[in-house]
Amino acid sequence: MSQDEDGSQQELEIRQINSDDNTKSLSLGDPEFTPLKAFLKNEAADFHRRNVAKSYVAVDESHRVRGYITLICSQVQIAQAHHRPEGNKGPIAYKSLPSIKVARLATDKRYQGSGLGRSLLDLALAIALGDIMPAVGCRFLVVDAKKPSVGFYLKYGFTPIQENYEDEDSPVLFLDLHPFV
Ligand SMILES: CC(C)(COP(=O)(O)OP(=O)(O)OC[C@H]1O[C@@H](n2cnc3c(N)ncnc32)[C@H](O)[C@@H]1OP(=O)(O)O)[C@@H](O)C(=O)NCCC(=O)NCCS
């Protein structure tokens with residue numbers, strides 16, 4: 001998928017995390033992202049096993065994790081939303097609607113810009129549409145975005161829930177899944 005630090009081509013496989021994966025070598029650069037590194041290294045496999053949060057990793061041939069996404073159940077609070085998601089009108093005007101949250105998403109800095117982040121979001125979308133929505137009420141993908149990544153989510157098609165989202169530390173963005181089904 002991209003070049004590794006030694007210049008060799010590394011094919012990446014995306015699949016569920018397992019406890020043998022090398023979760024220590026993810027490099028995100030900015031210290032702001034240390035919690036994303038620490039979660040992968042210390043908690044992701046354990047949370048996965050205990051059904052607290054499910055993580056999907058992009059691994060190279062040596063099982064080094066070069067990117068990951070973590071998904072959990074959630075809901076979108078729409079009571080104060082300036083953008084009221086379509087389908088929340090009339091007798092079923094709930095204050096919140098069921099969602100899947102992108103709880104964590106990160107790609108190794110050596111792989112950023114190669115489409116890996118998009119591939120990981122594509123997987124979340126496929127899981128939502130193929131596995132969850134046919135069986136369980138679920139309307140949105142949602143994320144509490146880190147500020148520098150807002151442009152990435154906007155490009156993918158997410159909508160900010162707050163009008164003044166640029167002032168927020170972690171703006172909430174959502175993707176309506178209903179049009180995809
Ligand atoms: C945000 C992040 C996951 C994006 O991953 P990535 O692998 O670089 O993204 P991709 O290469 O798949 O990019 C897909 C598209 O979004 C664009 N894009 C990527 N990051 C962007 C950003 N921060 N702002 C605007 N556009 C961005 C790319 O240019 C690409 O556009 P294209 O379709 O025209 O080629 C990655 O930069 C990252 O891990 N950042 C640090 C941790 C972080 O902020 N995580 C998000 C937590 S909410």
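Reader: Does C138 count as buried or exposed?

Author: This is a predicted model: local features need pLDDT of at least 70, side-chain atom pairs count only at pLDDT 80 or more, and totals for chains, interfaces and linings use all residues. Numbering runs from 1 along each chain as its sequence is written, and side-chain values use heavy atoms, without hydrogens or water. Buried means under 20% relative accessible area, exposed over 50%, and partly exposed in between (1.4 Å probe, protein chains only). C138 has 12% relative accessibility, so C138 counts as buried.

Reader: How many disulfides does a search of the whole structure find?

Author: A disulfide is a pair of cysteine sulfur atoms within 2.5 Å. For C73, the nearest cysteine sulfur belongs to C138 and is 7.7 Å away. The count for the whole structure is zero.

Reader: And is C73 buried or exposed?

Author: The relative accessibility of C73 is 76%. The cut-off for exposed is over 50%. C73 therefore counts as exposed.

Reader: Which pattern does the protein chain follow along the sequence?

Author: Helices (H or I, at least four residues) and strands (E, at least two) are DSSP runs, numbered from the N terminus. The chain has four helices and nine strands. Read along the sequence, they give β-β-β-α-α-β-β-β-α-β-α-β-β.

Reader: Which residues does F158 touch, not counting residues up to four places away in sequence?

Author: Contact means heavy atoms within 4.5 Å. F158 is among the core residues that touch the most other members. Its partners are L121, L141, V142, V143, Y153, L173, F174 and L175.

Reader: Which residue has a side-chain N or O atom 2.3 Å from an oxygen atom of the ligand?

Author: Of the 20 residues around the ligand (each with a heavy atom within 4 Å), L105, G115, R118, P148 and K155 come nearest. A polar backbone atom of G115 is 2.8 Å from a ligand oxygen. For a backbone N or O atom of G117, the distance to a ligand oxygen is 2.9 Å. The side chain at 2.3 Å is that of R118.

How values were computed. Core = buried A, V, L, I, M, F, W, Y, C linked by side-chain atoms within 4.5 Å. Polar contact = N/O pair within 3.5 Å; in protein donor to acceptor, adjacent residues only side chain to side chain.
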